[in-house]
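Subject: Structure handover and findings

Hello,

Here is the structure I promised you. Please open it beside this message, as the notes refer to it throughout.

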Protein chains: 4
Amino acid sequence: MSENFVKLNDRVILAFEDGSNFIVQIQETSFGTHKGVVDLANLIGKPYGSKCESRNGNYFRIMRPRLVDEIFKMNRRTQIVYPKDIGYILLMLDVKEGDTVIDAGVGSGAMCAALARCVGPSGKVFAYEKREDFKTLAESNLSKWGLLQRVTIKLKDIADGFDEVVDAIFLDVPDLWNYVRNCYDALVGSGNLGIVCPTTNQVQMVLEELQKYSFIDLEVWESLFRQYKPVAERLRPFDRMVAHTAFMIFARKASEF
Amino acid sequence: MSENFVKLNDRVILAFEDGSNFIVQIQETSFGTHKGVVDLANLIGKPYGSKCESRNGNYFRIMRPRLVDEIFKMNRRTQIVYPKDIGYILLMLDVKEGDTVIDAGVGSGAMCAALARCVGPSGKVFAYEKREDFKTLAESNLSKWGLLQRVTIKLKDIADGFDEVVDAIFLDVPDLWNYVRNCYDALVGSGNLGIVCPTTNQVQMVLEELQKYSFIDLEVWESLFRQYKPVAERLRPFDRMVAHTAFMIFARKASEF
Amino acid sequence: MSENFVKLNDRVILAFEDGSNFIVQIQETSFGTHKGVVDLANLIGKPYGSKCESRNGNYFRIMRPRLVDEIFKMNRRTQIVYPKDIGYILLMLDVKEGDTVIDAGVGSGAMCAALARCVGPSGKVFAYEKREDFKTLAESNLSKWGLLQRVTIKLKDIADGFDEVVDAIFLDVPDLWNYVRNCYDALVGSGNLGIVCPTTNQVQMVLEELQKYSFIDLEVWESLFRQYKPVAERLRPFDRMVAHTAFMIFARKASEF
Amino acid sequence: MSENFVKLNDRVILAFEDGSNFIVQIQETSFGTHKGVVDLANLIGKPYGSKCESRNGNYFRIMRPRLVDEIFKMNRRTQIVYPKDIGYILLMLDVKEGDTVIDAGVGSGAMCAALARCVGPSGKVFAYEKREDFKTLAESNLSKWGLLQRVTIKLKDIADGFDEVVDAIFLDVPDLWNYVRNCYDALVGSGNLGIVCPTTNQVQMVLEELQKYSFIDLEVWESLFRQYKPVAERLRPFDRMVAHTAFMIFARKASEF
């Protein structure tokens, strides 16, 4: 069970009754919101879930940020992989404690964080990113979430190949088909490859490339998640939904002979 | 990186070229298939991913079973939670290493295994099941997958309440609404509740019950996963798909005052 | 083939290159837009599809409004039935020339127009509406579209029953379950009933009621339409879509004995 | 209102209580089923919807076949356009009484029948088919349904162009992109083009071709229809559904200048 009282340096959600919420780190400072100033030091020692008040009397709840909350709130400059897809990718790549995984490219670090959580303290994520600003951003995000020690982010073009041989690779770059060969080379036998891309043209090009190497269990998926209004007496879906994020392509490495 | 050669007692997939496959444990025995007998001891020392032959000359690949492979191949007597939903539930419940989690009821053990993987060696899953045959089945499945040491399965009716206070609860029983109160009591503040059920009537009844307690962040979701034929030059979805498994309901515990 | 030149009193779409468009009736007047004034009389005699110019030199195309264009552009004060559902309802109700149909309630008249088109000049739509303002609005819309002569709109509460016996009934009111009996009475043997409603609770109540009468072939449907960006080299769905409009319930009348 | 008693030569559905059903034409003959022989002549004069008995005492209902029933029961040798798509296509092509329409290729005649119903007795469908066996089959189906007099089926390769200029064209052949030009030439200004195809590759090639001509309002859609079990107290979708039939592409002809 998690230690259940707010401590110095904890990251917490301040969840106001109007639905607005903020993720902050508990420091000896105050935090200004449209609902009044919150004295963060005063929150230390409060139980999670409890109701507190800003200086001008607006109530909020102190909640623990989940990884999904962090992802939707984080600084980002890239399209992220959505939680609806992240969960399935983690399962299909079978990422578990002790595994080594490559994440290429790292972008804002959302998927990297999810992978780092799954490999546990005994595992390792090698993340590749060729843009220095994304590398810096991802490191900052991973550091906040306490996951950076499991991740090595390399400022390196994956066209030059990967430096490791790993259990699983997650590939999320625009010209994916150019790196399928390098992915094959960097996987252990039976290792799992996961690829995401937004267009059908990219899927076609990746499939063509995958067929050149000894991959098996090729699968292409997309997911649609529909949310319902949580009202017992008028249960119905919301009017609109996300129609598309990415196609997910999976394959497993077989040896060449 | 996983040790990459087949060892005694490993569970492996024998993947034949006709698409059929079998999960077996490597022993000093042979295993009969419609494609010929396989001498399992001969596989020891082979690299994963490599091509082998049955006694009558049919080729197969030796692959590592992923948890998703185990779930679809396991002995089961109950409706299982599908991988398409498992991944999202794990994220929404924010299950991570060191967490304690309740799984009620355990059924065949698929969701329990997924939870056990996420809590890691330092976490714990308390599983409740009132039918002895399901408890035995789940224990057998979890044992095969090397996850039983992280799980305690209790033969107990959850109407009598839970014995623990935990970070997250996963509830999957027919009359869910009767246990919402017990779930509230067994969660730490800010703890996560996840519920699955197949019918809209059940969702309505759960929502009514959730509103009686101090839960926040109520969300109701369903997922549709569509698979494509992995053919570059004729890329299109398969003709048919799973239309429905379960609605997923999520809520977070706030304190009562 | 339609007479293919613009005539006085035609309704036309002025489709500008920025994607904006307007439906107007050709009169001896001018029509002001953010792209300049259009002299409508000058359009008479132009072929449909041709490119014209507003007074300040902005190009537009003259197109024929389809019923779907009219529906999305019409004056309305009610939630409309969406084209994605209208087409399927017309098929399932098997509406065809010469049929008599009841439309209850008429709302803004979108579904009524679709029914009126299908019954042709030899058929008839009896529309029921208890709000005078909706009746006036629907009459105005149907009149514009040249369909009012096939429709009789009655200012009448359907709780008092229907005055006709018809081939098909389309029911779209909030408390649908109260009128299932009246629908049964107003259908010919083998006649088709179509019902739309937004919530699962309404579907449940309608189903309960339908089971009390001698209806067969009960079907409940919902439709999801997903649109793709029409770009050959980057073919992918749009980011967002309509997640829900209404459930569609269909049943056919069998005689009581 | 339809004449509501069974007459000689009517096509009727015999709907048995086990869910099986048959579409037959009323003649002075008998019709054998697994539920016993039905004397068809005895049904003449019965009201539609009424309950009858086979020679060995099994009950059935006499229902009018809807076009959707005919389509799912017809003799066919080709993939058909599904009702879920037909309804939307008819709306998007804005087919209405008096219109002239081209249907290329006709296949088994399902879409052709739907078009013929919509154009009414004053309209006309010109159907193109290059295989004689399909032409014969479609004529037989359309004749049964009383729609052949509105349709002219031509045994002709559409590579040679169309002989008419029409309000709308529906194109459903494998190599669609080769005929976009001919479609453009055969449409009136503002006329509607509808195309269906199963693969994303085909959509891409059609879009490339459409961009070469003066088409506007390009739209690409797909539909997912999900059916629910019609049970009030356990309302939920069926387990499986159709995942894919075809992509629908729509465009409208603008003039070239």
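The notes below start with one chain and then turn to the contacts between chains.

First, the ground rules. This is a predicted model, in which local features need pLDDT of at least 70, side-chain atom pairs count only at pLDDT 80 or more, and totals for chains, interfaces and linings use all residues. Residues are numbered from 1 along each chain as its sequence is written, while chains are lettered from A and ligands numbered from 1 in the order in which they are written.

Chain A overall

The C-alpha trace of chain A spans about 70 × 45 × 35 Å along its principal axes. Chain A has six helices and 15 strands. Helices (H or I, at least four residues) and strands (E, at least two) are DSSP runs, numbered from the N terminus. Of its 257 residues, 50% count as buried. Buried here means that 20 or more other C-beta atoms lie within 10 Å of the residue's own; exposed means 12 or fewer, and partly exposed is in between, with C-beta atoms placed from the backbone. Among contacts in chain A with a separation of 6 or more, 63% join residues 24 or more positions apart. A contact means two C-beta atoms, placed from the backbone, within 7 Å.

Domains of chain A

Chain A is divided into domain 1 (11–65) and domain 2 (69–253). These bounds come from an automatic or database domain assignment. The domain centres, taken over C-alpha atoms, are 32 Å apart. Each domain gives four residues to the contact. On the domain 1 side, three are nonpolar, none is polar and one is charged. For these classes, Ala, Val, Leu, Ile, Met, Phe, Trp, Tyr, Cys and Pro count as nonpolar, Asp, Glu, Lys and Arg as charged, and the others, Gly among them, as polar.

A sheet in chain A

Four strands of chain A form an open antiparallel sheet, in the order β2-β1-β6-β5. Its edge strands are β2 (21–25) and β5 (51–53), and each pairs on one side only. Strands pair if DSSP finds at least two bridges between them. Three bridges link β5(A) to β6(A) (residues 59–63) in the antiparallel sense. In that pair, Cys52(A) stands opposite Phe60(A).

Chains D and C

The contact takes 62 residues from chain D and 62 residues from chain C. On the chain D side, β12(D) gives the largest share, 12 residues. By class, that side has 31 nonpolar, 14 polar and 17 charged residues. Strand β12 (residues 215–229) of chain C runs antiparallel to β12(D), joined by nine bridges. Ser223(C) stands opposite Phe225(D) there.

Chains D and B

A rotation of 180° with 0.0 Å of shift along its axis superposes chain D on chain B (RMSD 0.0 Å). That is the relation of a two-fold axis. Within chain D, Met241(D) comes closest to the rotation axis, at 2.8 Å (C-alpha). The copies meet through the same surface, because 100% of the interface residues of chain D are also interface residues in chain B.

Helix α6 of chain D

Which residues of helix α6 (residues 200–210) of chain D are buried? They are Thr200(D), Gln202(D), Val203(D), Gln204(D), Val206(D), Leu207(D) and Leu210(D). Their cover includes α6 (200–210) of chain A and β13 (236–237) of chain B. From chain D itself, the cover includes α5 (180–186), β11 (187–197), β12 (215–229) and β15 (247–253).

Best wishes

How values were computed: Least-squares fit on C-alpha atoms with pLDDT ≥ 70 in both.
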